[in-house]
Amino acid sequence: MSTGTVEVRLAALLHSYTRGARVVHAPGATLGEVFDALDERYPGIRFRIVDEQDRMRRHVRVFVNGADARDLATPLADGDKLYIVGALSGG
Amino acid sequence: MNRDFTEAELHRYARHIILPEIGGEGQAKLRAAKVLVIGAGGLGTPLLQYLGAAGVGTLGVVDHDTVALSNLQRQVIHRTADVGAAKVESARRALGEINPEVRVVAHQARLTPENALALVSDYDIVADGSDNFATRYLLTDACYFAQKTLVAAAILRFEAQLSTYKPHLGPPHPCYRCVFPEPPPPESVPSCAQAGVLGAMAGTMGAWQATEVVKEILGVGESLSGKLLLYDALDARVERLAITRRPDCPLCGAQPAITSLDSPLAQASYAEVYCGD
């Protein structure tokens, strides 16, 4: 099975890693693979989403096609849309 | 509930009363409602304007701060002449001019673990327009323990988030900690003072928050509970994402680590002050 490409929309907390890009594309059959692919292109970005124990950070949420995903093994299909959201506090 | 309106009230609220979803019954619900707004800032000021104009009978305003010149780019009820005045007093003056029928209760104080439960308990619904994570987590916990619905918005730069939390009603309603169990490390998220915020977007979100508060009071439409609304002003894009209740949530989960505002995990969330101005 060939690996698909997903669209990743990034919250502002990650824009410094992507040189300002708010939407990027990455290959991967699982969330973990997509984060690895993103990290190759944008070094350091994975560590902002995933901690040393390979768990999603508790102030970051990842949504796949609008649904909350909490496991790096979450399977992805070609064309899936990811949202990486960080908590905001401003008012 | 008193459903009698004066002639002046019937005129003032005519565009509400004519809506089948509101009517006289709904307008009476708004008049009887008590809403607590945390922060008279970028979100809080448009929120207060619309709730006051809508005829919400009692509006509590919590803010310890005074009006600064750098607030005026977005905090629309404060005027240049109000610089230096307490924000809650400036808000009271503005609301009195918009709608003298509304009772405004000014709480010139920070929300603290000592006063949060008592403050929240005096109101029916709470709206969070605060500017720091410590207050957001404290309010989340206090509203859960006091069994109050919380309508929370947050903004930074050109991005905004909005949701309604009522975890006290049980599953499937999530709380803020189901989405973000703990605040981020302080250095990882800048404040509005450090990173900036688009003034008009604060207005968009404050008005949107007012809409959700009014819906909750009236019990009309679809609640934002279980949905996280994201607004990207640069892309003019809105997303509505599904958020779920976590069985392992530290607050509303099966075996919560936070059982009171004094719990160590709760206290750790309130310790950090991130953002001012």
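This is a predicted model: local features need pLDDT of at least 70, side-chain atom pairs count only at pLDDT 80 or more; totals for chains, interfaces and linings use all residues.

Modeller: A residue is called buried here when its relative accessible area is under 20%, exposed when that value is over 50%, and partly exposed in between.

Helix 7 of chain B is mostly covered, with twelve of its 14 residues buried. The buried residues are B:Phe133, B:Ala134, B:Thr135, B:Arg136, B:Tyr137, B:Leu138, B:Leu139, B:Thr140, B:Asp141, B:Ala142, B:Cys143 and B:Ala146. Within chain B, these buried residues pack against strand 1 (34-38), helix 6 (116-121), strand 4 (125-128), strand 5, helix 8 and helix 11 (264-270).

The length of the helix can be checked. The 14 residues of helix 7 of chain B should span 20 Å at 1.5 Å a residue, and the end C-alpha atoms are 20 Å apart, so the two values agree. At the start of this helix, a side-chain oxygen of B:Asn132 comes to within 3.3 Å of the backbone nitrogen of B:Ala134. After the helix comes B:Gln147, whose phi is positive, near 60°.

Side chains of opposite charge can pair when their charged atoms come close. B:Arg136 forms a salt bridge with B:Asp128, with 3.4 Å between the closest N and O atoms. Both partners, B:Asp128 and B:Arg136, are buried.

A further buried pair lies elsewhere in chain B. B:Lys166 and B:Glu216 form a salt bridge whose closest N and O atoms are 2.7 Å apart. This pair links distant parts of the chain, with B:Lys166 in the loop between strand 6 and helix 8 and B:Glu216 in helix 10 (residues 199-218), 50 residues apart. B:Lys166 and B:Glu216 are both buried. The loop between strand 6 and helix 8 of chain B also holds B:Pro172, and the peptide bond from B:Pro171 to B:Pro172 is cis, with omega near 10°.

B:Glu159, B:Phe180 and B:Leu241 supply 19% of the area that chain B buries against chain A, more than any other three residues.

The polar side of this interface can be described in the same way. Across the interface of chain B and chain A there are 16 residue pairs in polar contact.

Four salt bridges cross the interface of chain B and chain A, while the count over all chains comes to 24. A:Arg58 forms a salt bridge with B:Glu182, the closest N and O atoms being 2.9 Å apart. The side chains of A:Arg9 and B:Asp235 meet in a salt bridge at 3.0 Å, N to O. This pair runs from A:Arg9 in strand 1 (residues 5-10) of chain A to B:Asp235 in the loop between strand 7 and strand 8 of chain B. A:Arg9 has a relative accessible area of 10% and therefore counts as buried, whereas B:Asp235, at 30% relative accessibility, counts as partly exposed. A network of salt bridges links A:Arg9, A:Arg22, B:Asp232 and B:Asp235.

Two loops of chain B complete the account. In the loop between strand 7 and strand 8 lies B:Ala236, whose phi is near 50°, a positive value in a residue other than glycine. B:Ala236 counts as exposed because its relative accessibility is 64%. In the loop between strand 5 and strand 6 lies B:Arg157, which has a positive phi of about 55° although it is not a glycine. B:Arg157, at 30% relative accessibility, counts as partly exposed.

Definitions and conventions: Residues are numbered from 1 along each chain as its sequence is written. Chains are lettered from A and ligands numbered from 1 in the order in which they are written. Side-chain values use heavy atoms; hydrogens and water are left out. Buried area is the accessible area (1.4 Å probe) that two parts lose on being put together, summed over both. A polar contact is a pair of N or O atoms within 3.5 Å; within protein, one must be able to donate a hydrogen and the other to accept it, and residues adjacent in sequence count only if both atoms are side-chain atoms. Helices (H or I, at least four residues) and strands (E, at least two) are DSSP runs, numbered from the N terminus. The expected span of a helix is 1.5 Å times one less than its number of residues. Buried means under 20% relative accessible area, exposed over 50%, partly exposed in between (1.4 Å probe, protein chains only). Contact means heavy atoms within 4.5 Å.
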